[in-house]
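Dear colleague,

Please find below the structure that I am handing over to you.

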Amino acid sequence: MFNEIQTAIDFIVSYLKNFKQEQLIVFKENLNILLKDKYFSHWDDTNPLKGSAYRSISINDGRIDHLILIAAYLAGMDVSQCFPNDLIIWVDPSSVCYRQGSDYSNICTLYKGNSRVQPKTYNSHHNSKMNLRHGSSSKSSHTPKTRSNLSSEILVH
């Protein structure tokens, strides 16, 4: 589940070009927590397609998936103009695929089995390893969010 989620997040971040590195780090951390929490009880390695629609991340007619919006809000980002009008990402056990536009015959694979696939439109410049930190450049100031304090922060805002 972890590799599949990270692949999907890296793909989503490839659309986010004009943000500060610190914002992208916070966005990725929060989206990671939100997706793991959502997928936790809907992940079956023995039946990968079961729950596929539930695990999809979608942007339809410009309406952005609420988990992307929550992670962006917590990172102080406005992502309303960053994505194509129609994009869907399916995050399944051993597979991450996406479709941009409404052409169902044009589904691209990002992750298959235990490795990433590099389709032409996938932008990999965000795949490098980063030192994770929150806000400032000091590593000691980094406070990773947990499911419980992330949920509390969302409810406060």
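Two strands are taken as paired if DSSP finds at least two bridges between them. Helices (H or I, at least four residues) and strands (E, at least two) are DSSP runs, numbered from the N terminus. The model is predicted, so local features need pLDDT of at least 70 and side-chain atom pairs count only at pLDDT 80 or more, while totals for chains, interfaces and linings use all residues. Residues are numbered from 1 along each chain as its sequence is written, and side-chain values use heavy atoms, with hydrogens and water left out.

The strands

In the hairpin of β3 and β4, two residues lie between the strands, and Ser94 takes a positive phi near 65°. Ser94 belongs to the loop between β3 (87-92) and β4. Its relative accessibility is 35%, and Ser94 therefore counts as partly exposed; on this scale buried means under 20% relative accessible area, exposed over 50%, and partly exposed in between (1.4 Å probe, protein chains only). β3 and β4 run antiparallel and are joined by six bridges, with Leu87 opposite Gln100 in β4.

On which sides is β3 covered? Both faces are: Leu87, Ile89 and Val91 on one side and Ile88, Trp90 and Asp92 on the other are all buried. Because six of the six residues of β3 are buried, the strand is largely enclosed by the rest of the structure. In a regular strand the side chains alternate between the two faces of the sheet.

β3 is also joined to β1 by four bridges, and these two strands run antiparallel; Ile57 stands opposite Ile89 in β3. Ser58 is located in strand β1 and counts as buried, at 18% relative accessibility. Leaving aside residues up to four places away in sequence, Ser58 touches Arg63, Ile64, Asp65, Leu87 and Ile88, where contact means heavy atoms within 4.5 Å.

A positive phi of about 50° is found at Asp61, although Asp61 is not a glycine. This residue sits in the loop between β1 (56-60) and β2 (63-64), and Asp61 counts as exposed at 58% relative accessibility.

Strand β4 (residues 95-100) pairs with strand β5 (residues 107-112) in the antiparallel sense over five bridges. The bridge partner of Arg99 in β5 is Ile107. These two strands form a hairpin with six residues between them, and Gly101 in the turn has a positive phi of about 90°.

The helices

Helix α2 and helix α3 (residues 66-74) pack at an angle of about 145°, with their axes 8 Å apart. Axes are lines fitted to C-alpha atoms, for helices over the stretch in contact, and angles run from 0 to 180 degrees between N-to-C directions. In this contact, Val26, Phe27, Asn30, Leu31, Leu34, Leu35 and Lys38 of α2 meet Leu67, Ile68, Ile70, Ala71, Ala72 and Leu74 of α3. By class, the contact of α2 with α3 has eleven nonpolar, one polar and one charged residues; Ala, Val, Leu, Ile, Met, Phe, Trp, Tyr, Cys and Pro count as nonpolar, Asp, Glu, Lys and Arg as charged, and the others, Gly among them, as polar.

Helix α1 (residues 2-13) packs against helix α2 (residues 21-39) at an angle of about 140°, with their axes 10 Å apart.

With kind regards
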